[in-house]
Amino acid sequence: MSRVTPIPDQPLPVRPGLACTIRTLQLRRRPSPTAGEFELANFYFRDSAITDLSDLHRNVRDGLHVATCGGTWMAAVFGFAGLRDYAGELTFRPSMPPYWQRLRFRLRVRDVQLEVDVRQTETCYRLLEGDAFELQHRSQRVVLRRGEER
């Protein structure tokens, strides 16, 4: 016997944190950051971060909302750091908010761990684990070796 789940005629309501995560995933799918993407990333970042920081749902005492944490991280990494993944090739096109000094995060990609340190005037990449890794910074090819910073 098979069960069929009816599909509602109206879209299901989506909580703000999950909605932000979904919108940020759509931002990530764009081939490269466009002129308006900084504004979108800034909106998504603030929208998701404010959910728990302001306790909008009055339930932070029960813990943080995982979807909003994910949405905040994705807005920062895909939006401000400009991370894109083209069939396993990472590219970055950073665009930091003028009121931020720094955005630093780590990524695990296959068998390597990468640290990305974005500042207003420069971006540094460091390979923490793995033998070698290649990425693109804007249109420049960057090859990293373990412990090396570029």
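Colleague: What percentage of the 150 residues in the chain do buried residues make up?

Modeller: This is a predicted model, in which local features need pLDDT of at least 70 and side-chain atom pairs count only at pLDDT 80 or more, while totals for chains, interfaces and linings use all residues. Residues are numbered from 1 along each chain as its sequence is written, and side-chain values use heavy atoms, with hydrogens and water left out. A residue is buried under 20% relative accessible area, exposed over 50%, and partly exposed in between (1.4 Å probe, protein chains only). In the chain of 150 residues, the buried ones make up 40%.

Colleague: In what order do the elements of the chain run from the N terminus on?

Modeller: Helices (H or I, at least four residues) and strands (E, at least two) are DSSP runs, numbered from the N terminus. The chain has three helices and seven strands. From the N terminus on, their order is α-α-α-β-β-β-β-β-β-β.

Colleague: Which are the edge strands of the open sheet of four strands?

Modeller: The pairing in this open sheet is mixed, and its order is β1-β2-β6-β7. Two strands pair if DSSP finds at least two bridges between them. Strands that pair on one side only form the edges, and these are β1 and β7 (140-145).

Colleague: By what angle are neighbouring strands of this sheet turned against each other on average, direction ignored?

Modeller: Axes are lines fitted to C-alpha atoms, for helices over the stretch in contact, and angles run from 0 to 180 degrees between N-to-C directions. With direction ignored, the average for neighbouring strands of this sheet is 35°.

Colleague: Which residue in β6 is the bridge partner of Thr91?

Modeller: On one side, β2 (residues 89-92) pairs with β1 (residues 84-86) in the antiparallel sense over three bridges, and there Thr91 stands opposite Arg84. β2 also pairs with β6 (residues 132-137), in the parallel sense over two bridges. In β6, Thr91 has as its bridge partner Gln136.

Colleague: Which residue takes a positive phi in the hairpin of β1 and β2?

Modeller: Tyr86 has Glu89 of β2 as its bridge partner. Two residues lie between the strands of this hairpin. The residue with a positive phi, near 50°, is Ala87.

Colleague: How many residues stand between β4 and β5 in their hairpin?

Modeller: β4 and β5 pair over six bridges in the antiparallel sense. Across this pairing, Gln113 has Glu129 of β5 as its bridge partner. The number of residues between the two strands of the hairpin is three.

Colleague: Which element gives the largest share of the largest nonpolar core?

Modeller: A nonpolar core is a set of buried Ala, Val, Leu, Ile, Met, Phe, Trp, Tyr and Cys residues joined through side-chain atoms within 4.5 Å. The largest one has 29 residues, and those touching the most other members include Leu90, Phe92, Phe105 and Phe133. Elements that give two or more residues to this core include α2 (37-53), α3 (66-80), β3 (102-109), β4 (112-119) and β5 (123-129). The largest share, six residues, comes from α3.

Colleague: Which residues are in contact with Phe105, leaving aside its neighbours within four places in sequence?

Modeller: Contact means heavy atoms within 4.5 Å. Once the neighbours within four places are left aside, the residues in contact with Phe105 are Trp73, Val77, Ala81, Phe92, Leu114, Glu115 and Val116.

Colleague: Are the rings of Trp73 and Phe78 stacked or edge-to-face?

Modeller: Rings of Phe, Tyr and Trp (its six-membered ring) pair if their centres lie within 6.5 Å; planes under 30 degrees apart count as stacked, over 60 as edge-to-face and the rest as tilted. The structure holds six such aromatic pairs. The rings of Trp73 and Phe78 have centres 6.3 Å apart and planes at 85°, so this pair is edge-to-face.

Colleague: Is Phe78 buried or exposed?

Modeller: Trp73 is partly exposed, because its relative accessibility is 37%. Phe78 has a relative accessible area of 8%, so Phe78 counts as buried.

Colleague: How many disulfides does a search of the whole structure find?

Modeller: The criterion is a pair of cysteine sulfur atoms within 2.5 Å. Cys69 is partly exposed at 37% relative accessible area, whereas Cys124 is buried at 17%. The number of disulfides found in the whole structure is zero.
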